[in-house]
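This report describes the fold, the core and the ligand surroundings of one protein model. The sequence and structure are shown first.

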Amino acid sequence: MNMRVINSKGANLKPDLIRKISEVTSQESSLSYRSVEILKKTNLILAIDGKEKICGWIEYYKIWKNWWGLSTLFVFPRYRGQKIGKAILIPAGVKTLKDKKIFSSVTDKKIGQVLQNYGFRETKLNELSTGILLKVMLVRYGNLKSFIKLFKLSKKGLQYFVKC
Ligand SMILES: CC(C)(COP(=O)(O)OP(=O)(O)OC[C@H]1O[C@@H](n2cnc3c(N)ncnc32)[C@H](O)[C@@H]1OP(=O)(O)O)[C@@H](O)C(=O)NCCC(=O)NCCS
């Protein structure tokens with residue numbers, strides 16, 4: 001498939017697209033909720049097909065010092081199973097953050113496996129520094145809707161990965 005990626009600051013994307021991404025994160029049970037405000041401040045790598053349609057995205061964001069987060073991987077249902085997540089978006093995120101330490105939490109076991117293939121190792125929250133945990137909680141889950149969704153996600157089973 002003819003596919004390219006673009007790497008953009010949320011603030012540079014069209015407001016309609018940012019609203020759509022926020023809506024997807026609200027509805028999709030496996031994703032953390034991202035408000036429009038959070039998305040405007042973050043970075044998104046978008047996968048775009050030959051007809052200029054957006055197939056999916058992954059988000060990366062600064063946490064603290066040299067630590068960055070890689071999250072919110074999503075591929076629209078009609079494009080799934082074509083390795084857009086595994087062979088395009090995850091590697092694009094890892095390449096973008098190649099000199100950084102990366103934290104990622106996942107709900108999908110297969111995605112956890114893919115991360116391990118890219119050099120991530122599974123970790124536990126209590127092995128991470130308080131600074132990182134506090135920053136992630138404040139910046140990413142500091143509003144009630146995000147926090148409630150995080151609570152639901154953690155009941156589903158979250159796995160945590162780092163690449164240092
Ligand atoms: C998870 C998700 C991003 C995978 O995207 P994708 O581009 O379809 O995945 P890929 O084609 O790169 O495949 C990755 C693996 O997931 C499997 N997979 C996941 N969803 C699939 C689907 N709907 N159809 C077929 N395979 C699927 C693939 O078989 C592949 O497994 P493999 O490593 O054994 O080959 C996508 O299903 C999605 O957006 N899900 C909802 C949001 C979500 O769960 N995000 C991840 C949070 S951790």
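Predicted model: local features only at pLDDT ≥ 70, side-chain atom pairs only at ≥ 80, totals over all residues.

How many bridges join S3 to S4, and do these strands run parallel or antiparallel? Seven bridges join the two strands, and their directions are antiparallel.

The strands S3 and S4 belong to an open sheet of seven strands, ordered S1-S2-S3-S4-S5-S7-S6 and mixed in its pairing. Its edges are formed by strand S1 (3-9) and strand S6 (121-123), each of which pairs on one side only. From one strand to the next, the twist averages 25°. Strands of a sheet pair through backbone hydrogen bonds, in either a parallel or an antiparallel manner.

Helix H4 (residues 109-117) lies across S4, S5, S6 and strand S7 (159-163), and runs at about 160° to S5.

## Strand S3 and its partners

On one side, S3 is joined to S2 by six bridges, and these two strands run antiparallel. Within this pairing, Leu46 stands opposite Trp57 of S3, and Leu44 stands opposite Glu59 of S3. The hairpin of S2 and S3 has four residues between the strands, and Glu52 in this hairpin takes a positive phi near 65°.

Towards S4, the bridge partner of Gly56 is Val75. The hairpin of S3 and S4 has two residues between the strands, and here Lys65 adopts a positive phi near 50°. Eight of the 11 residues of S3 are buried, so the strand is largely enclosed by the rest of the structure.

## The nonpolar core

Which residues of the largest nonpolar core touch the most other members? Of its 32 residues, they are Ala47, Trp57, Ile58, Trp68 and Leu89. Both helices and strands supply this core: two or more residues come from each of helix H1 (15-27), helix H2 (36-41), strand S2 (43-49), strand S3 (54-64), strand S4 (67-75), helix H3 (84-96) and strand S5 (101-106).

Ile58 illustrates these contacts. Apart from its neighbours within four places in sequence, Ile58 is in contact with Ile45, Leu70, Thr72, Leu73, Leu89, Ile90 and Gly93.

Ile38 is located in helix H2. This residue counts as buried because it has 23 C-beta neighbours inside 10 Å, where the threshold for burial is 20 or more.

Val24 is placed in helix H1. With 17 C-beta neighbours inside 10 Å, Val24 counts as partly exposed. The C-alpha atoms of Val24 and Phe76 are separated by 9.5 Å, and these residues are 52 residues apart along the chain.

Most residues other than glycine have a negative phi. Thr72, which is not a glycine, has a positive phi near 55°. The residue is part of strand S4, and Thr72 is buried, with 23 other C-beta atoms within 10 Å. Thr72 is also among the contacts of Ile58.

Lys83 likewise shows a positive phi, of about 65°, although it is not a glycine. Is Lys83 buried or partly exposed? With 14 other C-beta atoms within 10 Å, Lys83 is partly exposed. Its position is in the loop between S4 and H3.

## The ligand shell

The ligand has 19 residues around it, of which Ser30, Arg80, Gly81, Gly85 and Lys86 come nearest. S4, H3 and H4 are the elements that give two or more residues to this shell. H3 provides the largest share, four residues.

In composition, the shell around the ligand divides into eight nonpolar, five polar and six charged residues.

Terms used: Residues numbered from 1 in each chain as written. Core = buried A, V, L, I, M, F, W, Y, C linked by C-beta atoms within 7 Å. Buried ≥ 20, exposed ≤ 12 C-beta atoms within 10 Å, placed from the backbone. Contact = placed C-beta atoms within 7 Å. Pairing = 2+ DSSP bridges. Axes fitted to C-alpha atoms, helices over the stretch in contact; angles between N-to-C directions. Near = placed C-beta within 6 Å. Nonpolar A, V, L, I, M, F, W, Y, C, P; charged D, E, K, R; others polar.
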